[in-house]
Amino acid sequence: MIHVVTLEPFEAEEVDVVCHALFAAYGVGCEHAAALELPEEAREDGPLDAVKILSNAGPVKTFADDKILFLVHSPLSPRESPVGLLPTHGYASYSEDKAVASAAGLPDDPAAQAAALAKLAVHEVGHLWDLHHCLDHRCAMCPPWSVAYARNPAADLCSFCRAKSERRMKLNPA
Amino acid sequence: MGTDPQPIVMDETVLQAGERVVYPNQGVCRISGIEVKEIGGIRGEFLTMKREEDGATVMIPRAKVASVGLRHVAARSEVEALLGFLTAEADDPELDWKVRHRTHSDKMIGGSLLGTAEVLKGLHALSLLRPLPQRERELYDSARHLLVHEVAVALGMSPATAEDAIDLGLCPIAGSARAAEQARRISAAQEAELGLDDLNVAEITEAPATQEPPESEAAPPPAAEPDEEPSPPRARKRAAPARKANAPAGVAEARKRKPAAPKKKKAKTTRSKTAARVAGRRPAAKKRPAKRGGR
Ligand SMILES: [Zn+2]
Ligand SMILES: [Zn+2]
């Protein structure tokens with residue numbers, strides 16, 4: 001089961017689109033589980049701290065192997081790395097149970113924004129099942145800043161990532 | 001590379017409990033110690049360790065430690081140099097699959113950080129010209145998985161941040177000067193007829209990377225299973241209730257439908273945390289520890 005938890009106000013239709021895309025990609029139930037307050041710890045002067053969202057948002061009632069996806073509108077702070085600041089559209093605790101996706105920077109048009117957020121949601125939740133970034137130009141697991149990702153609006157997984165997620169789910173059913 | 005790679009551990013007595021090492025093709029492990037075990041009726045001393053990513057127990061007969069290629073986790077300076085290597089312009093990819101197969105196998109068995117990164121970068125460069133066969137697609141994912149976890153451990157960052165740092169080098173940001181330069185180089189490589197004269201560039205860049213290469217290139221070893229049929233990305237197909245089979249393929253279609261009804265909650269499952277492994281043998285599937293419902 002995938003629990004979508006909004007931490008800032010979202011239109012119900014947009015959350016529906018996200019839930020549908022997650023269901024289509026992973027074949028497990030997905031629901032808008034709750035609308036919660038953004039945790040104080042994640043608020044900074046500017047963008048939100050994605051890591052602190054994962055560690056402080058909630059609580060959300062789940063069962064073993066359930067996944068939680070937090071949705072926010074505010075931008076997330078780019079993370080530091082030796083190669084420079086990393087574009088941070090979302091963030092996931094790999095192989096664990098929590099991810100966050102931000103609608104910041106997505107198109108203003110509601111339908112286009114919902115579609116883009118759904119693709120990002122599929123990407124971040126994929127990391128929870130240990131999917132890595134993909135080199136298939138039509139796969140949602142391409143790096144979200146990449147040319148390939150930008151070129152294709154669909155939230156689909158390629159056959160490789162789909163098969164890998166299925167194998168992971170057999171080990172840890174959601 | 002900017003710094004020397006970690007040497008292979010030839011003497012297990014230098015390893016302390018709690019130390020982290022890299023086991024080629026297995027990843028980062030934490031040393032537990034030397035234990036006496038009886039496996040298959042044979043009693044012997046084993047160097048035991050726990051794989052960091054899933055807690056699986058890995059055991060190496062003491063006499064074989066020097067031959068498996070254990071090494072310490074790369075130093076920060078070595079990883080930083082590696083990230084620079086990934087960002088640098090890639091060499092022309094090796095187009096002879098036999099040569100590629102041999103060099104990539106050697107690098108993965110060797111298990112060095114740079115060797116694994118060379119496999120990743122080489123296959124990534126090749127994928128920009130032509131779709132990878134299934135076997136190399138799997139190799140690419142294994143190399144990526146090993147690198148992500150070692151970079152994360154070495155730099156004290158999460159796997160998510162480690163993978164993004166790796167990919168910021170490999171995949172330039174859309175609209176950036178580097179992205180334009182990469183596109184220019186791909187076109188030039190294709191025009192230079194790197195054995196690709198019969199391939200349509202526009203079609204390739206749109207094609208799924210898991211598509212099969214020409215028959216001669218995809219030929220697996222005799223004992224191997226044939227690679228799967230090429231298939232474009234699509235909505236998940238499963239043997240599942242009708243609602244699932246009708247799951248939308250794309251977001252636009254998805255918007256017209258109601259959300260899926262929540263599944264019944266499943267009882268908590270318990271899994272063995274121990275996936276014992278003897279050196280040189282790999283189980284059919286990794287076992288992972290049971291997950292908690294929330295943290
Ligand atoms: Zn990602
Ligand atoms: Zn993929």
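How many aromatic pairs does a search of the whole structure find over all chains? Here are my notes, starting with the answer.

1. The search turns up one aromatic pair over all chains. A quick word on the ground rules: this is a predicted model, where local features need pLDDT of at least 70, side-chain atom pairs count only at pLDDT 80 or more, and totals for chains, interfaces and linings use all residues. Residues are numbered from 1 along each chain as its sequence is written, chains are lettered from A and ligands numbered from 1 in the order in which they are written, and side-chain values use heavy atoms, with hydrogens and water left out.

2. Back to that pair. The ring centres of Y26(A) and W129(A) are 5.1 Å apart and their planes meet at 40°, so the pair is tilted. (Rings of Phe, Tyr and Trp, the last by its six-membered ring, pair if their centres lie within 6.5 Å; planes under 30 degrees apart are stacked, over 60 edge-to-face, and the rest tilted.) Y26(A) belongs to helix α1 (residues 12-26) of chain A, while W129(A) is in the loop between α3 (110-128) and α4 (147-151) of chain A, so the pair ties together parts 103 residues apart in sequence. (Helices, H or I with at least four residues, and strands, E with at least two, are DSSP runs numbered from the N terminus.)

3. Are those two residues buried or exposed? Y26(A) is buried at 0% relative accessible area, and W129(A) is buried too, at 2%. (Buried means under 20% relative accessible area, exposed over 50%, partly exposed in between, with a 1.4 Å probe and protein chains only.)

4. Now the metals. H123(A), H127(A) and H133(A) each use NE2 to coordinate the zinc ion (ligand 1), at 2.1 Å. (Donors are N, O and S atoms within 2.8 Å of the metal, or 3.2 Å for Na, K and Ca; water is not among the atoms, so sites may look incomplete.) Their spacing in sequence is H-x3-H-x5-H. H123(A) and H127(A) share helix α3 of chain A, four residues apart, or about one turn of the helix, and both are buried.

5. The zinc ion (ligand 2) is held through SG atoms instead: C134(A), C139(A), C158(A) and C161(A) coordinate this ion at 2.3 Å. With angles of 103 to 115° among the four donor atoms, the site is tetrahedral. (Four donors count as tetrahedral if all angles lie between 85 and 135 degrees.) C134(A) sits in the loop between α3 and α4 of chain A and C161(A) in helix α5 (residues 159-171) of chain A, so the two tie together parts 27 residues apart in sequence. Both C134(A) and C161(A) are buried.

6. Over in chain B, look at helix α5 (residues 134-155). This helix has 22 residues and reaches 31 Å from first C-alpha to last, close to the 32 Å expected at 1.5 Å a residue. (The expected span is 1.5 Å times one less than the number of residues.) Of its 22 residues, 17 are buried, so α5(B) is largely enclosed by the rest of the structure. After α5(B) comes G156(B), with a positive phi near 65°.

7. Finally, the largest nonpolar core has 53 residues, and those with the most contacts inside it include I53(A), F70(A) and V79(B). (Such a core is a set of buried Ala, Val, Leu, Ile, Met, Phe, Trp, Tyr and Cys residues joined through side-chain atoms within 4.5 Å.) α5(B) gives the most to this core, with nine residues.

Key. Four donors count as tetrahedral if all angles lie between 85 and 135 degrees; four count as square planar and six as octahedral if opposite donors are over 155 degrees apart and all others between 65 and 115; anything else is irregular.
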